[in-house]
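Here are a few notes to read alongside the structure. Have it open while you go through the points.

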Amino acid sequence: MSNELSIYNDENAKETMIGTLTNDKVTMFTSMSAQTVDEKKALFNAMNNPQKRVADMIGKEIAIRDVFVESVDMVNEETGEVTIAPRIVLVDVKGVSYQCVSTGIFSALKKMFQIFGMPTWENGIKTEVAQIQKGKRNILTLRVI
């Protein structure tokens, strides 16, 4: 019995899927330590199954302890154009994870990293989720409080 994926009839599709699963050039960043089994479980769950949406936290506080970021393909429904966007998971000091796909949050995090250093921030950086309007778009951002 082979561990190889066998659900694809098309050899090219099979190779693409295997390459995607084993690609060491996947664009991801995490500040979470994943040494113990419990830490690995916490990281996996934050990556794969975040508990809340950042958009539901507008006007509310998140004390950010850790961050996970990966690049994802986004398809413009009107034009069909594919662009790369940052998918972000913020993890607070209680271990609650918050997900968004947001260039505004990504930009805010880059600035936070420059000013506060790289996470893990043991005591958390208290932030308030905000939404600003830019043209016809609403953009999520963070305010340090």
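This is a predicted model: local features need pLDDT of at least 70, side-chain atom pairs count only at pLDDT 80 or more; totals for chains, interfaces and linings use all residues.

1. Is valine 144 buried, exposed or in between? Its relative accessible area is 44%, so valine 144 counts as partly exposed; that label covers the range between 20% and 50%.

2. Together with Ile115 and Phe116, Val144 makes up a nonpolar patch, and the three share about 300 Å² of accessible area.

3. Now for the largest pocket, which holds about 490 Å³ of space. Its lining has 16 residues, and those closest to the centre are Met74, Val101, Ser102, Thr103 and Arg137. Two or more lining residues come from each of strand S3 (61–75), strand S4 (82–92), helix H3 (103–116) and S7.

4. Which element gives the most to that lining? Strand S7 does, with 4 residues. Sorted by class, the lining of the largest pocket has 7 nonpolar, 6 polar and 3 charged residues.

5. The peptide bond from proline 119 to threonine 120 is cis, and its omega is near 25 degrees. Threonine 120 sits in the loop between H3 and strand S6 (125–134).

Methods: Residues are numbered from 1 along each chain as its sequence is written. Side-chain values use heavy atoms; hydrogens and water are left out. Patches are made of residues with over 30% relative accessible area and no salt bridge: like charges are joined within 9 Å, nonpolar side chains (Val, Leu, Ile, Met, Phe, Trp, Tyr) within 5 Å. Accessible areas come from the Shrake-Rupley method with a 1.4 Å probe; for residues, only the protein chains shown count as cover. A salt bridge is a side-chain nitrogen of Lys or Arg within 4 Å of a carboxyl oxygen of Asp or Glu. Buried means under 20% relative accessible area, exposed over 50%, partly exposed in between (1.4 Å probe, protein chains only). On a 1 Å grid over the protein atoms alone, a cavity is a set of points where a 1.4 Å probe fits but cannot get out, and a pocket is an open set with protein on both sides within 12 Å along at least five of seven lines; lining residues have an atom within 4 Å of a point. Grid points are joined across faces, edges and corners, and a volume is the space filled by probe spheres set on the points. Ala, Val, Leu, Ile, Met, Phe, Trp, Tyr, Cys and Pro count as nonpolar, Asp, Glu, Lys and Arg as charged, and the others, Gly among them, as polar.
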